[in-house]
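Dear colleague,

I am handing over a structure that you have not worked with before.

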Amino acid sequence: MNLPNMQNAKKRTNKEVLYIYDNIKSSSIFKDKKYYIKTYGCQMNVHDSEEIKGILENIGFKETDKFEDANLIILNTCAIRENAHDKVFGFLGRCKHLKKEKKDCIIALCGCMAQEESVVNEILSKHKYIDLVFGTHNINELPKLLVQKQEDIKINVYSKEGEVIELGEIYKRDSKYTAWVNIMYGCDKFCTYCIVPYTRGKQRSRKSEDILKEVEALKKIGYKEITLLGQNVNAYGKDLENEMDFGTLLEKVSKTGIERIRFVTSHPWDFTDKMIDVIANNDNIMPYIHLPLQSGSNRILKLMGRRYTKEEYLELYRKIKEKVKNVAITTDIIVGFPNETEEDFNETLDVVNKCKYDGAFTFIYSPRENTPASKMEDSITLEEKEKRLQRLNEIVNKYSKENNEKYINTYQKVLLIGESEKDENKLYGYTETMKLVNVECSKDLIGNIELVKITDAKSFSLDGVIENA
Ligand code: SAH
Ligand code: SF4
Ligand code: F3S
């Protein structure tokens, strides 16, 4: 099956799109219908789900957290590794059962898996109970797709990305205090192991004026923290003519006066000295940077197409640590890239021992459809890869704990987000350096930034109290 090309589809303006929503809403066809959405994957998908929820509520739907009660079930999927695929098809099994009793329930699959041709073919041949598949480039068409009568599985996935359509503050945001702000979509880096450039398309930056308007609006309605979102935020603007670079954008966002600014993800290759200075010189830009390493071996980095060497990465790391006061740095690491030798792996451990990260997400390499790395020969057994992952995790966790222990008896500014899941007498929140803190305090403080004394430290969280509260 060939995915249709977006360029053949009629391009709509934001006004036309919103007009269609209004018409659907006034027809009341979805009034009081319930939707359930399950989200897999990265922050990009989390934020897309906020958009989908906003769009659905705009046309009359209400959210339910019980999928059995829903008239519409949406799975917003991730394709980054094989296990993401397995989880989705596991849940779809439950939807299939439900569909036997509730025939008119609409089951929809969207997100990055929907952009994979093999998944679409699998759905067409084996999962006929799925009513609708739509991709990452046409979320705004969902209302129209739902109105169209479904006789067969409706596949509505485009292989090419569309224009960036600005629908304004349509999102149903998960939090009242922290908000995601997309600054770009897609990715042009094409790291050889990664599926994202295929599922999300080429890099498309939003205009800086639209981003700044969104931040201003969020500040006005009480948001304390925003996170600028993109697969490679440091490359912001490079795809637009006469657009500012990421350092300048950060500076402008800082001037809006919003209390906290974060950004993910940073690619080391596009990180400039200017960006480091802007982060260092503006108090409302948080001293926390996620700086994916992937591998410490120059041989593997080259095969991955990462465009930096171990030495360049370490130099960037050193500069950031030197200039940005008390900065916390986390990373992503892949073990078991095709033919990674023990020597290559030891190079990765060497970088981890030098950087002593605040935290790291570690993964076993997973071959992805149509990526260059998936065609490379690999003689390393899964058993060996698992052993390496375990060795790496032990070291990573040791440094996380040591870094966290340094916080004991210090005072940290913590944005309190909500009730702690483990203990209802506590609230949870984040330090400026993105450390999770569980705080014993009154629930009235949710949404505040409070000075918290850190009393204990674990590998993945801190405990704290508010003195004189
Ligand atoms: N844009 C981000 C990465 C997004 S994906 C960046 O460049 O840093 C998040 C992480 O998933 C990556 O950093 C990488 O460590 C991991 N990852 C991506 N593709 C993978 C694959 N095929 N197998 C295993 N891990 C992978
Ligand atoms: Fe994937 Fe590389 Fe783009 Fe990150 S920068 S999304 S790892 S291709
Ligand atoms: Fe997954 Fe797509 Fe994000 S593949 S990690 S949801 S961009």
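Ligand 2 is surrounded by Cys187, Lys189, Phe190, Cys191, Tyr193, Cys194, Val196, Pro197, Gln231, His267 and Arg306, where a residue counts as near a molecule if one of its heavy atoms lies within 4 Å of it. This shell around ligand 2 is made up of seven nonpolar, two polar and two charged residues; here Ala, Val, Leu, Ile, Met, Phe, Trp, Tyr, Cys and Pro count as nonpolar, Asp, Glu, Lys and Arg as charged, and the others, Gly among them, as polar. One member of the shell, Phe190, has a phi near 50°, a positive value in a residue other than glycine, and is placed in the loop between strand E8 (184–185) and helix H6 (196–200). Helices (H or I, at least four residues) and strands (E, at least two) are DSSP runs, numbered from the N terminus.

Before going further, please note that this is a predicted model, in which local features need pLDDT of at least 70 and side-chain atom pairs count only at pLDDT 80 or more, whereas totals for chains, interfaces and linings use all residues. Residues are numbered from 1 along each chain as its sequence is written, chains are lettered from A and ligands numbered from 1 in the order in which they are written, and side-chain values use heavy atoms, with hydrogens and water left out.

Around ligand 1 there are 15 residues, of which Gln231, Pro292, Gln294, Asp332 and Ser366 come nearest, and the shell divides into seven nonpolar, four polar and four charged. Strand E13 (328–335) and strand E14 (359–364) each contribute at least two residues to this shell. An oxygen atom of ligand 1 lies 3.1 Å from a polar side-chain atom of Arg81, a nitrogen atom of the ligand lies 3.0 Å from a backbone N or O atom of Tyr193, and a polar side-chain atom of Asp332 is 2.6 Å from an oxygen atom of ligand 1. Taken alone, ligand 1 exposes 550 Å², and the protein buries 90% of that (accessible areas come from the Shrake-Rupley method with a 1.4 Å probe).

Lastly, a cis peptide bond, with omega about -5°, joins Val264 and Thr265.

Best regards

Key: A polar contact is a pair of N or O atoms within 3.5 Å; within protein, one must be able to donate a hydrogen and the other to accept it, and residues adjacent in sequence count only if both atoms are side-chain atoms.
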